[in-house]
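Please look over the chain below.

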Amino acid sequence: MSAGTATAEVRDRLESARAAIDAHARLVPDFPEPGVEFKDLTPVLAAPDGLRTVTTALADACAGADLIAGIDARGFLLGGAIAHHLGIGVVAVRKGGKLPPPVIGVDYDLEYGSARLEVPASGIDFAGRRVAVVDDVLATGGTLCATLDLLRQMGALVSDVAVVMELSGFPGRARIEAAGGGDLRVHNLCQG
Ligand code: AMP
């Protein structure tokens with residue numbers, strides 16, 4: 001396959017994913033609190049064309065990775081399918097208190113409220129692995145920056161961040177790129 005053909009195919013797959021997102025995403029005003037518009041992408045993943053097209057396009061973005069990290073909870077659905085597509089492994093980045101010890105964790109702020117994320121500190125060899133982190137929505141970037149912090153503390157090389165929807169008007173991308181030190185690529189399938 002020529003590079004031009006590959007690029008056209010990647011573009012076609014991205015367009016298919018965007019069509020599915022446009023068809024199935026649900027915007028919920030004032031959830032989980034007044035003033036927040038919640039981008040509900042669960043109907044996209046529940047649609048026959050949605051899960052396949054979205055995770056195939058995200059797999060294109062994560063093609064250089066050798067491990068996928070999916071963020072609690074919709075990142076689990078995306079991460080497993082992307083890793084399967086690429087023939088690599090997946091690890092769940094979980095909310096605090098769910099994993100057996102030993103864990104490594106970090107507290108961080110959200111668009112609404114605060115949270116804690118953890119990854120296993122034993123049993124998974126993160127050192128030197130090229131990890132792509134996936135989630136459904138990028139807003140403030142707090143969740144993804146916390147995840148980068150955790151994975152780096154475990155010795156991973158975070159190569160890519162890939163999300164379905166990047167919200168405009170938030171500093172998420174700038175925060176991640178600043179934390180990434182220039183080598184980290186941030187991908188979205190669409191903006192919201
Ligand atoms: P943030 O850390 O602010 O970038 O938020 C990202 C995380 O919070 C993702 O895991 C999203 O699932 C969720 N999230 C934040 N804001 C929204 C929103 N407006 N709509 C849907 N999910 C959101």
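## Helix 4: length and faces

In this predicted model, helix 4 covers residues 74-86, which makes 13 residues. Gly 87 follows helix 4 and has a positive phi, near 70°.

Which residues of helix 4 are buried? They are Gly 75, Leu 78, Gly 79, Ile 82 and Ala 83. Viewed down the axis of helix 4, the buried residues fall within an arc of 125°, so they line one face. The background is simple: an α-helix has 3.6 residues a turn, so residues three or four places apart point the same way. The face turned away from the buried side carries Leu 77 and His 84, both exposed.

## What covers the buried face

Both helices and strands contribute to the cover over the buried residues of helix 4. The helices include helix 2 (42-46) and helix 3 (48-61). Among the strands are strand 3 (67-71), strand 4 (89-95), strand 7 (130-138) and strand 8 (157-166).

An open sheet is built from 7 strands, in the order 5-6-4-3-7-8-9, with mixed pairing. Its edge strands are strand 5 (103-109) and strand 9 (185-191), and each pairs on one side only. Direction ignored, neighbouring strands are turned by 25° against each other on average.

Strand 3 and strand 4 pair in the parallel sense, over 5 bridges. Ile 71 stands opposite Val 93 in strand 4. Helix 4 packs on the sheet and touches strand 3, strand 4, strand 7 and strand 8. The direction of helix 4 makes about 165° with that of strand 3.

Helix 5 (residues 142-153) lies across strand 3, strand 4, strand 5, strand 6 (114-120), strand 7 and strand 8. Helix 5 runs at about 155° to strand 5.

## The aromatic pair

How many aromatic pairs does a search of the whole structure find? The search finds 1. The pair is Phe 31 with Phe 38, and their ring centres are 5.3 Å apart. The ring planes stand at 90°, so the pair is edge-to-face; the cut-off for that class is over 60 degrees.

Phe 38 has 15%, so Phe 38 counts as buried. The limit for buried is under 20%.

Terms used
Residues numbered from 1 in each chain as written. Predicted model: local features only at pLDDT ≥ 70, side-chain atom pairs only at ≥ 80, totals over all residues. Heavy atoms only, no water. Phe/Tyr/Trp six-rings, centres within 6.5 Å; stacked < 30°, edge-to-face > 60°. Buried < 20%, exposed > 50% of the residue type's maximum accessible area, 1.4 Å probe, protein only. Helix = DSSP H or I, 4+ residues; strand = E, 2+ residues; numbered from the N terminus. Expected span 1.5 Å × (residues − 1). Arc of directions from axis to C-beta. Contact = heavy atoms within 4.5 Å. Pairing = 2+ DSSP bridges. Axes fitted to C-alpha atoms, helices over the stretch in contact; angles between N-to-C directions.
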